[in-house]
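Please work through the following exercises with the sequence and the model side by side, trying each task before reading its solution.

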Amino acid sequence: MNMERALVITSTDKGFSDIAEMLRAHSVIDITYVRSGGEGRRLLLERLFDLVIISSPLSDETGENLARQIAVSGVSQVILAVKSDLYDSVSAACEKDSVLTIAKPINNDIFRQVLSIAKTMRTWLVKVRSENEDLKQKIDNIRIIDRAKSILISSTRMSEHEAHRHIEKMAMDTRTSKRKVSERIIHDYENGP
């Protein structure tokens, strides 16, 4: 999975220029630049980014809390660039929130490695999110089917097995899903004849 959209938050044009050059060298083309944490927060409410790079300190904050908030939201991968004398303490504080921390000045080889890790983490995150959505959908389907079975059991005195078989047969006969059949049963019984 590629990192297509990046947001760079840095208080200097030179910082942006250097980071943008490294990003372009690694096939990131859609790069947006803001100068403060406040601007970054506003923009993140409006648009989605695959990657956010924060070069600390910012004009209105250190950037550490912003990096952690973005990473915890799970929407974007975050790389936080900090002064080398702060690297150990900031990295230790941010790693539990999955913020990738890098020391400044940024070495191109190290940046490439960190960007590779960010891409890997993003791919994994997208996969886990997809699996999570699939599981939520399956749980929701089971909940609706169970509700329909419960209605059939209480209204028609079918056994649970008979209610389940009835829903399966209706789904096969109408060439639709058990969920759709169950939704129809719920609707029909709740709204009456």
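**Exercise 1.** In which strand is Ala81 found? State also whether Ala81 is buried or exposed, and list its contacts beyond its sequence neighbours.

Solution. This is a predicted model, in which local features need pLDDT of at least 70 and side-chain atom pairs count only at pLDDT 80 or more, while totals for chains, interfaces and linings use all residues. Residues are numbered from 1 along each chain as its sequence is written, and side-chain values use heavy atoms, with hydrogens and water left out. Ala81 is found in strand β4, where strands (E, at least two residues) and helices (H or I, at least four) are DSSP runs numbered from the N terminus. With a relative accessible area of 0%, Ala81 is buried, a term that means under 20%, whereas exposed means over 50% and partly exposed lies in between (1.4 Å probe, protein chains only). Leaving aside neighbours within four places in sequence, Ala81 is in contact with Ile54, Ser55, Ser56, Ile102, Lys104 and Ile106, contact being heavy atoms within 4.5 Å.

**Exercise 2.** Check the span of helix α1, and then find which of its residues are buried.

Solution. First, helix α1 covers residues 13–25, and at 1.5 Å a residue its 13 residues should span 18 Å, the expected span being 1.5 Å times one less than the number of residues. Its end C-alpha atoms are 18 Å apart, which agrees. Next, the buried residues of α1 are Gly15, Phe16, Ile19, Ala20, Met22 and Leu23. Seen down the axis of α1, these residues fall within an arc of 160 degrees, so they line one face of the helix; the arc is that of the directions from the helix axis to the C-beta atoms. Finally, the face turned away from this buried side carries the exposed residues Lys14, Glu21 and Ala25, while the cover over the buried residues includes β1 (5–9), β2 (30–34), β3 (51–55) and α5 (108–156).

**Exercise 3.** Where is Val75 placed, and which residues does Val75 contact away from its sequence neighbours?

Solution. Val75 sits in the loop between α3 (64–73) and β4 (77–83), and is partly exposed, with a relative accessible area of 34%. Setting aside neighbours within four places in sequence, Val75 is in contact with Leu48, Phe49, Ile70, Arg122 and Arg129.
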